[in-house]
Amino acid sequence: MGFSRQEYWSGLPCPPPGDLPDPGMGPVSFMSLSLTCRFFTSGATPENFVPSLGRQTSLTTSVIPRAEQSVAYKDFIYFTIFEGNVRNVSEVSVEYLCSQPCVVNLEAVVSSEFRSSIPVYKKRWKNEKHLHTSRTQIVHVKFPSIMVYRDDYFIRHSISVSVVILRAWITHQYSSGDLNVKWEENLLHAVAKNYTLLKTVPPFERPFKDHQVCLEWNMDYIWNLRANKIPQCPLENDMVTLLGFLYASSGENTGIVKKFLRFQNRELEATRRQRIDYPVFTVSLWLYLLHYCKASLCGILYFVDSNEMYGTPSIFLTEEGYLHIQMHLVKGEDLAVKTKFTIPLKEWFRLDISFHGGQIVVTTSTGQDLKDYHNQTISFREDFHYNDTSGYFIIGGSRYVAGVEGFFGPLKYYRLHALHPAQIFNPLLEKQLSQQIKLYYERCAEVQEIVSVYTSAMQQGDRRQEACNLRNSYLDLKLRYGRPSTCRAFPWEKELRAKHRSLFQALLELSLVTVPRNQNESVLDIGGRIFEKAVKRLSSVDGLHQISSIVPFLMDASCCGYHKASYYLAVFYETGLTVPRDQLQGMLYSLVGGQGSERLSSMNLGYKHYQGIDNYPLDWELSYAYYSNIATKTPLDQHTLQGDQAYVETIRLKDDEILKVQTKEDGDVFMWLKHEATRGNAAAQQRLAQMLFWGQQGVAKNPEAAIEWYAKGALETEDPALIYDYAIVLFKGQGVKKNRRLALELMKKAASKGLHQAVNGLGWYYHKFKKNYAKAAKYWLKAEEMGNPDASYNLGVLYLDGIFPGVPGRNQTLAGEYFHKAAQGGHIEGTLWCSLYYITGNLETFPRDPEKAVVWAKHIAEKNGYLGHVIRKGLNAYLEGSWHEALLYYVLAAETGIEVSQTNLAHICEERPDLAKRYLGVNCVWRYYNFSVFQIDAPSFETGAELKLWRLLIFDLYYYGHQNQSQDLELSVQMYAQAALDGDSQGFFNLALLIEEGAIIPHHILDFLEIDPTIHSNNISILRELYESLFSTVTSGEVQVGSVCFLAKLLSCVQLFATLWAVSPALQADSLLPEPRGESPLFSNVSGYRGPRICFN
């Protein structure tokens, strides 16, 4: 039995501080939050809550007055509940006294996990006659069934009630004590009031309701099957690991995108929702910064809401080294604060930021024990708006702001707790790797200082010598072609010279006359020169033998900021290319190269995290951060036409026809094209110009020569493609002086001939130069109808910018549709937008899919011209018979994750196993065939048969084992089954042969192949079904009749069926054929590889 307490409050009926939590003191728990003052405000009654107005109330009972009439009476009210738990009908005894005519009010208010202050029962009555007399009335309070009974066939969604409050009050009839007055107003004029709490019952501890109905037997049986099953609440934690591995932030406009989902646990989700205007959370992350921000702000961790605006929290770094912390307010404005202390450089430190309502505590800790720290507490009186599921988080840079330059370590986010730094468990993982990063930059600081001082001293000495020497022709020739003068007396100590012996040797051999005067540029220039000399040695006949002696020079070049050297070192250590394989050093230089924005290093990191290989954790968001950086640069690299770039071509070393047409400027193919182009052949002119402009088919990139052929073809022929190409060159001024008038004239001419690219070009002209969006849209709509993907992209831009004629405002949904259409047509920028939409998930038409975002960004990144240059060097070396150099460059290309280079490298290792065994520390054939086959985005296979071929080859490697790879029969069976399910007859054949050899095919594999093992009494029937499937694929034309494969399969099947008739029942449970020999004559070898399960037509 529960008893109430008499209270006489003058204001809103809030419980006393000693009984319930004070909402002003900070955040409260889920249950206590619903008990604050807000439960006294009436809310809309939902459909399920139909308040009873006391129809079942019993008659009142008179009570003899306790005092004489002459005593001054004071109004009071209290009640007694005979059952403390919430029941369908609860009996309540209400005792009250009125000194004047009054109205007695009784109300039951509940709070659930999703709503609070919901009235479910109301009753009021007048007392005009029995004044100054204590009276008692029995009230039967009826509660809705969904809060007192379990779910059953009729009650489908019972609710979990956290709090039930029964409250009563008295108002005098002449002070708003009318029955028609609203309950809220009536409560404000109460002269006496009281409340009590009822005990709630959890949903699965409630009884079932007797509905007095009979179900049909089948419905009753189905219901009873699940009537007593209690679902398990998901075990969930509010701590989220946003980053578990090191991330190399290059300081550019790319970063890691993370998105929070709503909690599955309903109580946690209710708590999160209730704290939207009272944020309670903690961020803890590790950082290693190389520089402060070069702009006004650089991104560390910030929230972007669904409207693409900064939300709470947004943490940035300033150019002075302070933290800029920004919050979004409930009233719609933003508020920012800057810390009083700066954060350290070139030292690992942990940054902890906790939000507790309007209080923010910022702590930076350094040292192994984290005892050295800065701390600052910031308090606000504003209400912050915080909804961590209405957008996405970004770590580092984005299209809104550049990221910091350095490395991110582990990052943990506590969504519902404000923790003190001592309560946070966020150790610096990968301690060895993080320590190596610190040691690397300490060494590089010495290297850069030596290079800077040496360069400055040499340049000053040269200037003094030039001032003293008379100018004559001999001295000019000596300065230009003679050996550089060297200074043998260094001002450094012997220990430093011994420590950096390779650096001093390189400096002595370099000419420093043309080194830039700027210190940073001079150090980078020296690094580039050291690298080029090292690469020249690598490209020699015995270059791979010299790698061990070249590594110190590459280390020096890397320290000077020339991070192509970093990528070379990463590959050498990760693959063991003539150096001991060292995964830690490989990771170090790959991360350093990625931080330095080296394209191949970033692609290497993106690929390793995409596949989760070589001890890199599988993390698609982290992979996207690296791939998107290079994908964004790819179109810019193509337009600049600078650096060592070449067009990325899909050329397989097994394809003799494609290899035959590879040429050079003095090759037969090029000379023939040049001859035909000179004679006025438009097709030859266009192909020649493309080869020279992009550096295709083995021809070195030469934009100036390409433009001459574009001009010749455009002015001498009527070919619309050549006219269009030359018009674009004139518009952009690529290798030629801009001529907008002539370009427009040529563009109109090409468009009049029906070239959709030219129609799109006219739209581009009116958009860019005339700002006539209506005319631009007209041309783009026409070109889009003709199938031009550029036009689809341009229409999307109009919708994205909100300037599409006749359409008010921005329309990101339509823009996304046009971008997707452009991407399907191969448009680079359209693909980039689609990958961004997939990683953020902020558009309904692009549900969040990090894996798809990576695939699309990877597809664009692999078109980068710098990767194409490395692939072309490997191909040229292969064509020239330079196996060592071909191996080097194909290893460099394959480690970026591009499939065609991985396949070609595996082919080289098959052709020359002696090279692979001598120079590589990995199983080359196994590693790179495996990598190439298990890329889901392998569109570069020109035929499906080619893809199946390599898949079966790698499956055989699992079956037989290969060098360091042990045999894995179970995995090989699964893979053969997958090949069979994809319609490959070879998969069926190999599975059948495994059964003949005595292997047992698990039942789940047979189920996977839609073969019911329960209806097959022995192996014979399973073999029969497999061979029937094999014949169905053969007769469908998948295997060419008359081929070696066809004959082999036909012979084996004839032998099998002949055996089926003669085999005894005792043998049917075992193998049907004799024990397998070492190699069957029915199979062919593949390029020297002894793989008896691959057939070639």
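**View A. Aromatic pairs, starting with F531 and Y562.** Search the whole of this predicted model and you'll turn up 46 aromatic pairs. A pair of aromatic rings is described by the distance of the centres and the angle of the planes. For F531 and Y562, the centres sit 5.3 Å apart and the planes meet at 40°, so this pair is called tilted.

View B. Buried or exposed, what is Y838? Y838 counts as buried, because its relative accessibility is 8% and the cut-off for buried is under 20%. F846 is buried too, at 3%.

**View C. A cluster of rings.** Ring pairs join F260, F281, F303, F355, Y386, F393 and Y413 together.

**View D. Inside the largest nonpolar core.** This core has 226 residues, and I300, F572 and L887 have the most contacts inside it. Helix α5 (residues 431-468) supplies the largest share, 10 residues. Now pick out L887: beyond its neighbours within four places in sequence, L887 touches L544, L905, I908, C909, L915, Y919 and L920. There's also a second, separate core of 32 residues, including V94, C102, A108 and A192.

**View E. A nonpolar patch on the surface.** W217, Y221, I222 and L225 make up this patch, with about 530 Å² of accessible area together. I222 lies in helix α3 (residues 217-226) and is partly exposed, with a relative accessible area of 47%.

How values were computed
Residues numbered from 1 in each chain as written. Predicted model: local features only at pLDDT ≥ 70, side-chain atom pairs only at ≥ 80, totals over all residues. Heavy atoms only, no water. Core = buried A, V, L, I, M, F, W, Y, C linked by side-chain atoms within 4.5 Å. Buried < 20%, exposed > 50% of the residue type's maximum accessible area, 1.4 Å probe, protein only. Helix = DSSP H or I, 4+ residues; strand = E, 2+ residues; numbered from the N terminus. Contact = heavy atoms within 4.5 Å. Patch = residues over 30% accessible without salt bridge, like charges linked within 9 Å, V, L, I, M, F, W, Y side chains within 5 Å. Areas by Shrake-Rupley, 256 points an atom, 1.4 Å probe, with all protein chains shown as cover. Salt bridge = Lys/Arg side-chain N within 4 Å of Asp/Glu carboxyl O. Phe/Tyr/Trp six-rings, centres within 6.5 Å; stacked < 30°, edge-to-face > 60°.
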